[in-house]
There are 2 protein chains.
Amino acid sequence: MSFVNESNPTDALRAVFRRHASGVSVITMNDNAGAPVGFTATSMTSLGANPPLASFNVASGASSWSAMNTADYVAIHTLGVENIELAKKMAAAHELRFADDDWTRGAHNLPIFSDASAILIAKVREIHSVESNAVVIVEIQEGLIGDEADALIYHQRAYKATGATLE
Amino acid sequence: MSFVNESNPTDALRAVFRRHASGVSVITMNDNAGAPVGFTATSMTSLGANPPLASFNVASGASSWSAMNTADYVAIHTLGVENIELAKKMAAAHELRFADDDWTRGAHNLPIFSDASAILIAKVREIHSVESNAVVIVEIQEGLIGDEADALIYHQRAYKATGATLE
């Protein structure tokens with residue numbers, strides 16, 4: 001393969017992440033007043049199984065940031081291909097994210113979207129701010145496991161299905 | 001959807017991450033003696049574009065850990081479906097990872113697999129240890145951008161292609 005050198009580091013990051021695929025999650029919590037807050041995340045990943053930890057990233061300019069910074073618990077929803085509308089809604093105008101009848105209250109009064117393929121209830125453990133973003137580290141408390149689902153992918157700025165298994 | 005409650009938190013994490021898909025990267029560096037070290041990662045994600053940052057996770061029991069803990073620079077390779085053998089090799093026996101002729105030396109003397117779809121050269125900025133894992137935060141310096149490629153996915157403990165675009 002022949003490469004094009006991209007010496008501008010921001011342009012390099014953007015070009016490379018267009019080639020990188022991510023799974024899609026929705027993370028919810030409550031703000032100080034108990035109102036539901038949430039967002040679509042493509043950064044959620046495991047950070048070890050013993051103890052069970054996960055991490056995800058949040059921009060400190062995001063509408064969810066002040067709630068994230070004070071929340072004790074979050075619900076992490078893993079999305080399947082049938083959840084594409086939920087993924088879009090939770091990445092769009094924040095005042096419409098909880099306007100529909102598709103959520104209820106679960107453990108720790110957390111907002112729960114019960115169409116997700118699986119949900120983790122987790123305690124916020126550490127938040128590391130780095131420039132205008134933060135890495136949030138949470139410890140899993142319990143899970144709500146739905147049926148096996150074809151995972152929803154974000155790639156080249158589009159939502160996609162998971163493709164064929166490769167050998 | 002009806003959920004099964006999984007009250008064991010480690011089992012909950014495992015069940016949920018089987019439903020979660022990830023993009024696949026290979027991260028390389030040099031150890032203290034200048035020998036190449038690298039591993040397959042499914043945790044690599046963007047942490048903002050200004051300045052351009054990325055993060056990934058490493059287990060402190062991993063064969064790459066001591067090199068990771070001292071490395072100043074890393075090369076992050078984004079993998080396409082044609083790189084499945086590289087993904088498998090860099091997740092298998094560490095003494096075989098650089099045994100083939102598929103790598104060269106690049107910027108900062110970093111090991112470079114030139115079959116990857118794109119490569120970021122990055123400076124290690126922070127390492128946050130959490131239990132037996134660590135979150136590594138790096139700042140992008142430049143990129144090597146290959147042709148557009150169908151991204152390689154890891155899902156349900158298997159490598160998969162990226163599927164159809166959804167509307």
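**Interface between the chains**

The model is predicted. Between chain B and chain A, about 7100 Å² is buried, and 61% of this area lies on carbon and sulfur atoms. The size of an interface is often expressed as the accessible area lost when the parts come together. In terms of residues, 84 of chain B are in contact with 84 of chain A.

Polar interactions also link the two chains: 32 residue pairs, both at pLDDT 80 or more, are in polar contact between chain B and chain A. On the side of chain B that touches chain A, the greatest contribution comes from strand β11 (residues 133-145) of chain B, with 10 residues. That side of chain B comprises 40 nonpolar, 30 polar and 14 charged residues. Salt bridges between chain B and chain A number 4. In one salt bridge, the side chains of A:Glu148 and B:Arg19 meet at 3.9 Å, N to O.

**Pockets**

| Pocket | Volume | Lining by class |
|---|---|---|
| Largest pocket | about 1200 Å³ | 17 nonpolar, 21 polar, 4 charged residues |
| Second largest pocket | about 810 Å³ | 10 nonpolar, 12 polar, 3 charged residues |

The largest pocket holds about 1200 Å³ of space. It is lined by 42 residues, of which A:Thr42, A:Tyr154, B:Thr45, B:Ser46 and B:Gly48 are the closest to its centre. Elements giving two or more residues to this lining include α1 (9-19) and β12 (152-155) of chain A, as well as β2 (22-23) of chain B. The most is given by β5(B), with 5 residues.

The second largest pocket, with about 810 Å³ of space, has 25 lining residues, and the closest to its centre are A:Thr45, A:Ser46, A:Gly48, B:Thr42 and B:Tyr154. Here β5(A) gives the most to the lining, with 5 residues. At least two residues each come from β5 (45-49) of chain A and from α1 (9-19), β4 (36-41), β6 and β12 (152-155) of chain B.

**Cavity**

A search of the whole structure returns 1 cavity of 30 Å³ or more, and the largest cavity contains about 30 Å³ of space. Its lining consists of A:Ser43, A:Thr45, A:Ser55, A:Asn57 and A:Val135, together with B:Ser43, B:Thr45, B:Ser55, B:Asn57 and B:Val135. By class, these lining residues are 2 nonpolar and 8 polar, with no charged residue. Strand β6 (52-59) of chain A and β6 (52-59) of chain B each supply at least two of the lining residues.

Methods. Residues are numbered from 1 along each chain as its sequence is written. Chains are lettered from A and ligands numbered from 1 in the order in which they are written. This is a predicted model: local features need pLDDT of at least 70, side-chain atom pairs count only at pLDDT 80 or more; totals for chains, interfaces and linings use all residues. Side-chain values use heavy atoms; hydrogens and water are left out. On a 1 Å grid over the protein atoms alone, a cavity is a set of points where a 1.4 Å probe fits but cannot get out, and a pocket is an open set with protein on both sides within 12 Å along at least five of seven lines; lining residues have an atom within 4 Å of a point. Grid points are joined across faces, edges and corners, and a volume is the space filled by probe spheres set on the points. Helices (H or I, at least four residues) and strands (E, at least two) are DSSP runs, numbered from the N terminus. Ala, Val, Leu, Ile, Met, Phe, Trp, Tyr, Cys and Pro count as nonpolar, Asp, Glu, Lys and Arg as charged, and the others, Gly among them, as polar. Contact means heavy atoms within 4.5 Å. Buried area is the accessible area (1.4 Å probe) that two parts lose on being put together, summed over both. A polar contact is a pair of N or O atoms within 3.5 Å; within protein, one must be able to donate a hydrogen and the other to accept it, and residues adjacent in sequence count only if both atoms are side-chain atoms.
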